[in-house]
Amino acid sequence: MNGDSDATSSQPKDPRRSKIDPDSNFTAPNLQKTNSWVTRNKLLSPEFNDNKDEAELGNLMGDDGEKLLAVVDDIRKIDSLRNEELHIPQVFVAPITLHTVADLNFEIVVVGDTSTGKSSVLQALTRLPFPVAGELCTRFVTETTIRRCSPPERPGYNVEVKMDGSSPSQAAPFLPKSFESDEWVEVFQHLREDIDDAFKKMSPDPLLPSGISKKEVHPRLGISSTGPRPLPIPQLQKHRLQITVRKPNQAHFSIVDIPGLISNGATVDIQLSIELARQYIKNEQAIVLAITPADVVIVNQKWLNLVTEEHALDRTIGVITKTDKIEEMNHESTFNLLRNRVGSEYHLKLGWFAVRNRSPKEIIDGELFEERDRKEDVFFGGGKWKEATSSFPAWDSIDPKVLGIQRLKRTLQGYLYKRVKENFPALRTKMRSLEIEYNTRIQSMGFPREKPRDQRVYLSEIQTMYEAEVERSLNGDYRFVDNPKHPSRLRYHVKTFNDAFESAMKHNAIKYHWQVNDQDDEADGAGILNWINNTWDAHRGSEPRHDAPRSLKKELVKQQTESWETKTKLYIQQVEEAIKACNNDLFRFACENDDLRLKIREKLEARETRAFEDAKAELHNILKDRDYIDSWNPQLQFFIDECQYPRIERQVKLQLAEQKKAAATEANPSEASPDQVSARALFYSNNKKVYEVHDWLYAYWKVAYPRFVDNVIIQVVERHLLGPNGPLKLFNRNWIFDLEDDELDELVGENEVTRAERKELKERLAGLKNALEKADTALRSRT
């Protein structure tokens, strides 16, 4: 019945034919149509209303026990938590085999080979109409929960498929089915039909991969009937069928039916069934329910090796089926198992049980579960069983509490409740830890970035942090005070470069050393005065005689400062490298996401390159300005006088010293007289042109080099490299708000992997909050 079925519809469905399950020995009886859909006398029998048995189970656990189990099962049903190892207690009936187990950590696991009567145990425990086909009947996981419904809740059910996530494109074979009614008998009829339909649609044929037809695949072995090679088509599936039933007067009970350990069939199925069984068994919180037919030697059972290897014998319950074939079985071996003596070879701490399943004839006759239970009691109390035990005194030591399905069910329910009660506080603590972990992981991913607004907010948060760090780096409010070499200490590094640049320009950026006295140049004629004189002669032109050539001073300035360009470019290169290193550090600090940071840098790369190019263009203009050699600096004449006066004064002192030496008896005045200074002027008249040019060149250099240093620092470094349009100021709010939506999405939009991860984490977190609310409610009700 699909989810949109009308629960109050009065139109009956066509009755289904009975189907025999040679494995489970169960059939859904033919139900005759009446005004009440089915014969009420039959539907009101214990098969549909096992009030006595369920009341006994309810008394065993009490209301708190049932509520606690219901809460745990509700938590287990939360899909978003299926991949977490919460070790949630649950009942598994049917041998463990095929389906993925990594996402299911239930507490009671049933293992065994195929065709051992597992499905009969399942149906006898649940009293639900599970249809089963021949051969490999259980091909997928069936999760079944039966719980009590109390007014105003109505009896009903939900049936749906949870598809394996490995094939996202594969749709479920049917839509969710649901039904509810005030009458349980009506619910049962619909449930029988919907389960039957679900099993048909969940068969391997409708779920074959595209391009593979049913005729090409052998129904059991997966071997092509037309080709020479086998097709690797597994018969087992990883999809899950979930059935939730609400029933009046029902003690809580949950079962997961999974395929059995396979001996024959597709190799992939055989291997997978063993692997999955091992995964279930090794869960230390699991109770293992091991099903063994009485007519098979136990040593041949595959589950025994698995349970032993995983050290799970102390948490295993053995169930002996097909006891009606007592004449074919080893009586002594069976009775020894049921006696379960300590120290015996196959002793199980939790014990062994025996059940009697219905025969094929009883199934065909439509025998109800009440009759099944009655015959089971009679069978274990006498008949063939009693006859077989007459010659075995060991029979008298077998506890009657280990015989029959109802005793098994009560034992399972008791163990389950005990384990749940013991582990529930730890389960809640684990969920709290996961809640913190999920919140931390979501926070580490930052704001969601699916919509343009969210993307701008997210990028703006990064930009705000980046901008604040830029200001700290430029203003000296450093993050790393004790590490002077850290790249974020940009202002410190720039000032260090400024000092070195200014010192180099002052002391090491002239071609010839200045001549500050009246001594001639070095003997080799390579001094500054000879250089000026030679340059003068080389540039003589149409100017009047004794006048300096028109281009002399410009040429002298150009040659004397020719190293300025090299030293300045080296300085600018140092500043640029410091800016780049600082920028890299600030981006890493503000944006921890490597991929996003790289995208932002790439998006800004062109503008950053242009900013550096603008700075170089400004430097080029400043270097060209060296051709302009005029100056209105009042210090210029002062520096000329400063250069000339000491030279004249020194010449006077030299003349006085010569006179004193010539006339030793004559008084030697301590100060030069004006006449003496005038006399020395003759010396300068002969060298006037060279000295005047030298003194002007010296004075101009004294004015020009600090002006040049200031221009480079202020106009290139501060204005272009560190200014509002510099590389450190490009990542700003205006740039973010100017981005188009598609640019924004390409830049900071989350990729599919991140979006899927965020969605999954949010779903898990929502599931955890839901589960914690249920857990808190359950714990409060117990206090």
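Reader: What is the bridge partner of Ala-290 in β8?

Author: In β8, Ala-290 has Gly-318 as its bridge partner, where strands, like helices, are DSSP runs numbered from the N terminus (strands E, at least two residues; helices H or I, at least four). The model is predicted, so local features need pLDDT of at least 70 and side-chain atom pairs count only at pLDDT 80 or more, while totals for chains, interfaces and linings use all residues. Residues are numbered from 1 along each chain as its sequence is written, and side-chain values use heavy atoms, with hydrogens and water left out.

Reader: What makes β7 and β8 a pair?

Author: Two strands pair if DSSP finds at least two bridges between them, and strand β7 (residues 287-293) and β8 are joined over six bridges, in the parallel sense. β8 also pairs in the parallel sense with strand β9 (residues 352-354), over three bridges, and Ile-320 has its bridge partner, Ala-354, in β9.

Reader: Why is strand β8 called largely enclosed?

Author: Buried means under 20% relative accessible area, exposed over 50% and partly exposed in between (1.4 Å probe, protein chains only). Six of the six residues of β8 (residues 316-321) are buried, so the strand is largely enclosed by the rest of the structure. Thr-316, Gly-318 and Ile-320 point one way, Ile-317, Val-319 and Thr-321 the other way, and all are buried.

Reader: Why does Cys-149 count as buried?

Author: Cys-149 has 8% relative accessibility, and therefore counts as buried; Cys-582, at a relative accessible area of 0%, is buried too.

Reader: How many disulfides does the structure hold?

Author: The structure holds zero disulfides, a disulfide being a pair of cysteine sulfur atoms within 2.5 Å.
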